[in-house]
Amino acid sequence: MAGSKGRVPLAVVCVVISLLLTGVTHAGPEMDPYKILGVTRSASQAEIKKVYKRLAKEWHPDKNKNPGAEDMFIKITKSYEILSSEDKRANYDRYGQTDDTQPYGGSRYGNRHENFYFDESFFNFPFNSKNPRDFADGKYTLHFNQYVNDLVPDSYKRPYLIKITSDWCFSCIHIEPVWKEVVLEMEALGVGIGVVDVGYERRLANHLGAHRTPSILGVINGKVTFFHYAVAKEHLRQFVEDLLPQRLVERVTDKNDLQFLNSWHELNKPHVLLFDQVPVVPLLYKLTAFAYKDYLQFGYVDQGLTETANLQKQFNINTYAPTMLVFKENTDNPADIIQAKGMKKQIVDEFMTNNKFLLVPRLVNQKLFDELCPVKQFHRRRKFCVLLITGDDETFSFGNTAFFSFAATSNKDVVRFAYVYHRLQQPLCGILMQSKDSAQTPPQVVILERRNAAGKALYKPVGAWSGSEEDKQRLVEELERLHKDPSILIHDAMLPELNNEFASMFVIRWIYASYDYLSEVLDDILHNNWREMMPLLSLIFSALFILFGTVVIQAFSDSSDDKPSKTKAKDGTKAENGSPGAGSTSSRPPKKSFVEVTELTDITYMSNLVKLRPGHMNIVLVLTDASKNILLSKFAKEVYSFTGSLTLHFSFLNMDKHGQWTNTLLEYAQDATQIDADDDDEDHKTDYTGFVLALNGYKKYLCLFKPVYTGEELDSKSSEDEGGATSGGRGRANDRHPPPPQPRKSKRSRSLSTLQIHHKLDRLGLWMERLMEGTLPRYYIPSWPALDKIATGNK
């Protein structure tokens, strides 16, 4: 009896373990894709696709206000993802799981458990919870639109640390303790945190290039960098520090302190000095320097060095706590100071925000003008600007210094002081100065108030400024009058946008960017990240192949051109003597006098799209055999003015040959809200004739032009249309179309259908302008679909 009692607990444990293992194999009974879509296991792909479209429209959160619509929509999308793939569907039918639910690093079918062991993390893994994601990751979850619209622009002010995970990732468990500890530390310092669940955001994971879980990556200035080392707190901290640019903080000693502080005039920025005893610049200070790099210049003084003893003595720096000083126009005395043993991010941010500008900044660009002289919003929040229009020669130094001193003693909160060089900002100064000849006019002071963002402003010239006591007294009286009666600003004008005086530094920024890019490439090569390196390697080998081929072709063409040149010279002599060749011209068209349009086929598909160089786009016209000649001539006219760009390539795609590829590609370009009602009919074929696709092969996105018939009369277009219909459009690859011909008289016998086909591309020129400006919506493609090969008999 006692022995039987001893066996009962063991049996219970065995039952519990078997139930747990059963839960592993058949987890998530509510996630049955067949039940969610309402189809049988023998349903065809056409039936599954039709049901998915109907349910997607019904449960999309933008149309369905039910609180559970979003969760249901996610389940529908994931179910369709499983059943639309033959491999995933077969895997689910056999073993009740897919590649997404497969444990990372384990056997594919989950039937081997030699190395499986139980530990505390196994029992804490959320197998059957309703929200399987970790509770701490919930507030950091990223979606595709949130990443593109919010995170990428914010990454220009702070770096982001992103974790790629999934619901059934066993390896993700082991990095959780380190990840949580790093998140608590980095978030307190100002680093952004994000979590991407592959099961819910596969589109974002593909966009980031994350092909396995778990992965950790960093985003800064819109650029993605992967973490390659062991997941440890020290490694992740160093990874975040390596993301930051290397020239944010300058080391300052007794030898270069004057050079550093006196550069405020050239850079037009206050300078910040941090005194600390640690030899390495603190990460908080580096992150602050990155966030405020457009406003402040940062330096670091190591108090442990003997080369900094004079600096510490000059500013009376205590050694028991870090000290931060801000210097503006006066480099002898700091404008503000903060000292604390444990500096927090909130305190540092407040300190930097209060000292972003000099006492009298120079207007060097429109962004600075908008911040110093904001547009009037409310009556009680009016801001006035006292602007000194002066020069940058030595003769103006006395007056400029007197203006700086006057601004330093002013105590009016509603008034901001600034100055501008009339040589660098002539359009603005020509409007505000009383004399239009700014070169002969002495410096002047103007009081202005901006009224709207379009540039309207009210202003009043105070008069010439030489820095004398009379000039100062006159300015004091005008400010007193302004305080009592703002209506003294009697003049109004539309101010132009300011020139960017630092635009000439583009070459230096380009060199720095190139250095960072080469460092990243070297880092990828060292860590054998071949998946991410394949596009770059393909680009390099393609460039070498094209270069080698060009040299060889040029060598052969030069030798062959020598022989015909002699015969051409003889022909020219005969032409002068009245021979039949007198009226002939060269058969070779002049440069940029044609539009080269290449047919997109299975032969040109890889070079013209899949392996297209970064920054290049292929503009593809969709047509049919019946509309080919008409659309090609109209297409050549509309895009001719854009042929000067070396990054644009022009092609056409025949729907009669590659209609399935077009349908597959355009399915990626529409959300569930954009699914047309007549798409439910599987037999209905959408007419994409006249559609234009701007395809970026490297970044995998497209911009879509839908034809719009303008309804213009035949009289206004017939002559031009008839002239364009005869130019080019031959049914072969590499068709060359001449530039738009001059209008000439022709017959008006064109049918209405031909006219409608021709007018499908009337708005293409405006669409191309928006494409070049980068204002068109982009539809990202997970991977380019294969272009079906057409047999000879189908052509």
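Author: We'll go from the whole chain to one helix, then the disulfides, the cores and a few strands. This is a predicted model, where local features need pLDDT of at least 70 and side-chain atom pairs count only at pLDDT 80 or more, while totals for chains, interfaces and linings use all residues. Residues are numbered from 1 along each chain as its sequence is written, and side-chain values use heavy atoms, with hydrogens and water left out.

Reader: How many helices and strands does the chain come to?

Author: Helices (H or I, at least four residues) and strands (E, at least two) are DSSP runs, numbered from the N terminus. Here there are 27 helices and 21 strands.

Reader: And what share of the residues counts as buried?

Author: Buried means under 20% relative accessible area, exposed over 50%, and partly exposed in between, using a 1.4 Å probe and protein chains only. In this chain, 42% of the 795 residues are buried. Contacts are another thing to look at: contact means heavy atoms within 4.5 Å. Take the contacts with a separation of 6 or more: residues 24 or more positions apart account for 73% of them.

Reader: Okay, let's pick a helix. Which residues of H8 are buried?

Author: First, the general idea: an α-helix has 3.6 residues a turn, so residues three or four places apart point the same way. In H8, which covers residues 171-189, the buried ones are Cys-172, Ile-173, Ile-175, Glu-176, Trp-179, Val-182, Val-183, Met-186 and Leu-189. Trp-179 counts as buried because its relative accessibility is 1%. Trp-179 also sits 8.4 Å from Ala-232, C-alpha to C-alpha, though the two are 53 residues apart in sequence.

Reader: Where does H8 bend?

Author: The bend at a residue is the angle between axes fitted to the seven residues ending there and the seven starting there. H8 bends by about 40° at Pro-177. After H8 comes Gly-190, with a positive phi near 110°.

Reader: What about Cys-373 and Cys-385: is their disulfide right-handed or left-handed?

Author: Their sulfur atoms are 1.8 Å apart, and the torsion is about -120°, so this disulfide is left-handed. Cys-373 lies in the loop between helix H16 (366-372) and strand E10 (384-390), and Cys-385 lies in E10, so the pair ties together parts 12 residues apart in sequence.

Reader: Which residues touch the most other members of the largest nonpolar core?

Author: A nonpolar core is a set of buried Ala, Val, Leu, Ile, Met, Phe, Trp, Tyr and Cys residues joined through side-chain atoms within 4.5 Å. The largest has 64 residues, and Leu-161, Tyr-285, Phe-298, Met-324, Met-352 and Leu-432 touch the most other members. Helix H13 (residues 283-291) gives this core its largest share, 6 residues. A second, separate core has 43 residues, including Leu-217, Leu-623, Leu-632 and Met-768. Back to Tyr-285: beyond neighbours within four places in sequence, its contacts include Val-249, Phe-298 and Met-324.

Reader: Last one, strands. Which way do the residues of E1 point?

Author: In a regular strand the side chains alternate between the two faces of the sheet. In E1 (residues 160-165), 6 of 6 residues are buried. Tyr-160, Ile-162 and Ile-164 point one way, with Leu-161, Lys-163 and Thr-165 pointing the other way.

Reader: In what sense do E1 and E2 pair?

Author: Two strands pair if DSSP finds at least two bridges between them. E1 and E2 (residues 192-197) pair in the parallel sense over 6 bridges, with Lys-163 opposite Val-195.

Terms used
Disulfide = S-S within 2.5 Å.
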